[in-house]
Amino acid sequence: MPRCTPFAIASFALFALASAGIAAPAAPAAAGTSVNLPYNLADNSGGNWTIFQNGAFRQQGNIQLYGQGAVLTVNGNNVNANNNTAKFDDKTNELVIENMAGQGCTVTRHIMFKKDDGCLRIIDVIKNTQAQELVANISLQTQINYGVQSGQTVTDPKGKNQPLGFVALTTANNQAVVEVFAGKGAKHVPQIQFQQGNNFVQANLTHSIGPGKEVAVMHLHSTSAAADAGAKWISAIKESKIMSDIPSPLKKLILNFRSGIAFVGDIEVLRGELTDIVEMRGDRGDKVSGTIKEEKYDLKTFYGTVSIPADRVIGLLNVGEFHPRQLLVTREGEILGGELEKKEISIELSSKQMTSVPVAQISRMGYRRKKDEPDEWTFEKPMVLFRSGDRLVVGSPEGTLDVLTRYGPLKLKTSEMHALVLQSEDSPVHQALLSDGSKISGLSSATAFEIKLSASGQNVKIPASAISRIQYTAKPADIDDTTGVMTLGNEDQLVGSLSGNLKLRTAFASVSLSGPEVRKLTRSKGGMLDVQVEMWDQTTLSGELEDGELSMKLTCGLEMKVPVNLLEEYNQPRPQPSAPVAEAIGKLAGELGAEDWNQREEAQKKLIGMGPVVINVLKGLREKQAPEGQQRIDQIVKGIESAEKAAQPVAPVVDPNDAQQQAVPLQLQDQFQLQVDNPRDID
């Protein structure tokens, strides 16, 4: 954890901060009372944070690392407060600024210091007030006082290199600003933008919000005595602890942090810290604490009776008013629904007295947290998800799957699949999601699936009509900007490369084109078979294909025939060069291991000069080369790929001091000028 003098902040609202008109530090307000803004909040190290009308903040104290933070825009527009008051929530003791107006939305900001964690947590609830869907581009910006020596993005240690936060080392005694924009494994992760030496950092997240619906975004901001300590703190954050006191309805709205093992549908799983807890049905909210003494749970389900060891269970929920159905929740995130054979739960009270609680009278039941229990459900194992909301962790399904598609009947190996979606809001048919990122629509011929339950080891047979989704592998491969992709009119996506030859009738001749050499292929608006083709060397041809099908070899190895009339676009960033060029590349690759050093150097220079076209050929030849040749191939490939990445344009960081980039609200211009004139703001 960083030594956060908790100069700790989490933020979200685009708005120029004021340094004038700040009141003296106010006494802590009682829960439920109203306070005027600007308002000073004291941290636990003697510093103050001034919260302004739009919820943005400015750090006050001896060393003010934050000049302005929590600067939020939605679709490029500032949010505007209706008045200059806020209130403390009477349950959470958060400072709440309600119903700030944005374009097509309102924003309510929840601000709370987390003193144990050395950070200030801010949650912004964005509500779509329109009658149609709102595509919200949510942007957060922070201005850092003093010079920024260096900045670094901290990525998710659990994979995918998803950005979690940002650490900026400043010239103020080498202290660092620490900001967290997402939690580990989050599905919605803001993109973080900054430039070395620039005093601004910006995070952007785009999300669609349905009419009348709400979403929330949470941020944590802090400071650290060193950049390394700040990065370690971000990586070590326990989301379940940070979010433990957030009310369930608000917690479910948060996009950029996972709520861990908190919810089953709309119901939060009850957990105890020191004891097991049984919560009774009814309005009184009675609870019984102690130690649950069950050894196992026998549950009658529609696919048979399953027996779950008690040490695999973390909670139980009763759903249904007239004929309650029990949901067992396991430590792996499974949800098993049915009827318990045993009608009472035995529990030992803290007084050592034994008692039994009728299952029908239980609302929720939860075990105390175990030391080896995961903080979050990762769902990285094979699973079956039911239409009813149940989910089961299963053994790895084996064999093949028959799917009838627009490309003919396909026999898909389950080892090459990520998931089979049998019920989807986006498609009336089934969808096979392959491990290479391909998506194929069709109909599975299976009427039932035999699976092995992980929790009990039992083999069960589940009707296909009851299944929403079968997950075979944890996640599909990432599709980057070097991977070939074909998009089709039925919204399918094929990842791989064209194979075979394309015969194209042009206005001047009929030509034969090698599929692997095609860089881009698009269907024209004319006839069904009219296309435009761009080759590896940027040759561009238009014409009519003689064959009505394209041969496609997917990255996972599956070979398919794709009707041309389904094609929307095919892009292959790394096409193969023509045979003579590939032969020349192969000859130069052979010279990389030559005895003559000058010959090796000259071959390497020529290959580098040929550019990205050599990459795939060299990768295919690498294993056949001597160690010297392999080392040089690695250097060539790495150098060309780095040059490609460096050539990609970087989105600029918005500078709120630039009037052409962002307008400062008229009522804040005087305050903004005073802020800029403060010598601490300009290093």
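Trainee: Which backbone atom does the side chain of T170 reach?
Mentor: The backbone nitrogen of A172, at 3.2 Å. Keep in mind that this is a predicted model.

Trainee: Where is T170 found?
Mentor: In strand β13, which covers residues 163-170.

Trainee: Is T170 buried or exposed?
Mentor: Buried. The relative accessible area of T170 is 0%, so it falls under the 20% cut-off for that label.

Trainee: And what is T170 in contact with, leaving aside neighbours within four places in sequence?
Mentor: The run I144, N145, Y146, G147, V148 and Q149 is part of the list. T170 also contacts L65, Q175 and V177.

Trainee: Switching to the sheet. What is the strand order?
Mentor: β1-β7-β8-β9-β10-β17-β14-β13-β12, which makes 9 strands in an open sheet with antiparallel pairing.

Trainee: Which strands are at the edges?
Mentor: β1 (34-36) and β12 (148-155), each of which pairs on one side only. From one strand to the next, the twist averages 25 degrees.

Trainee: How many bridges are there between β8 and β9?
Mentor: There are 6, in the antiparallel sense, with β8 spanning residues 95-102 and β9 residues 105-114.

Trainee: What stands opposite G102?
Mentor: C105, in β9.

Trainee: Last topic, helix α1. Which strands does it lie across?
Mentor: Helix α1, residues 227-236, lies across β10 (119-128), β12, β13, β14 (176-180) and β17 (214-224).

Trainee: At what angle does helix α1 run to β13?
Mentor: About 165 degrees. That β13 is the strand in which T170 is found.

Note on methods:
Residues are numbered from 1 along each chain as its sequence is written. This is a predicted model: local features need pLDDT of at least 70, side-chain atom pairs count only at pLDDT 80 or more; totals for chains, interfaces and linings use all residues. Side-chain values use heavy atoms; hydrogens and water are left out. Helices (H or I, at least four residues) and strands (E, at least two) are DSSP runs, numbered from the N terminus. Buried means under 20% relative accessible area, exposed over 50%, partly exposed in between (1.4 Å probe, protein chains only). A polar contact is a pair of N or O atoms within 3.5 Å; within protein, one must be able to donate a hydrogen and the other to accept it, and residues adjacent in sequence count only if both atoms are side-chain atoms. Contact means heavy atoms within 4.5 Å. Two strands pair if DSSP finds at least two bridges between them. Axes are lines fitted to C-alpha atoms, for helices over the stretch in contact, and angles run from 0 to 180 degrees between N-to-C directions.
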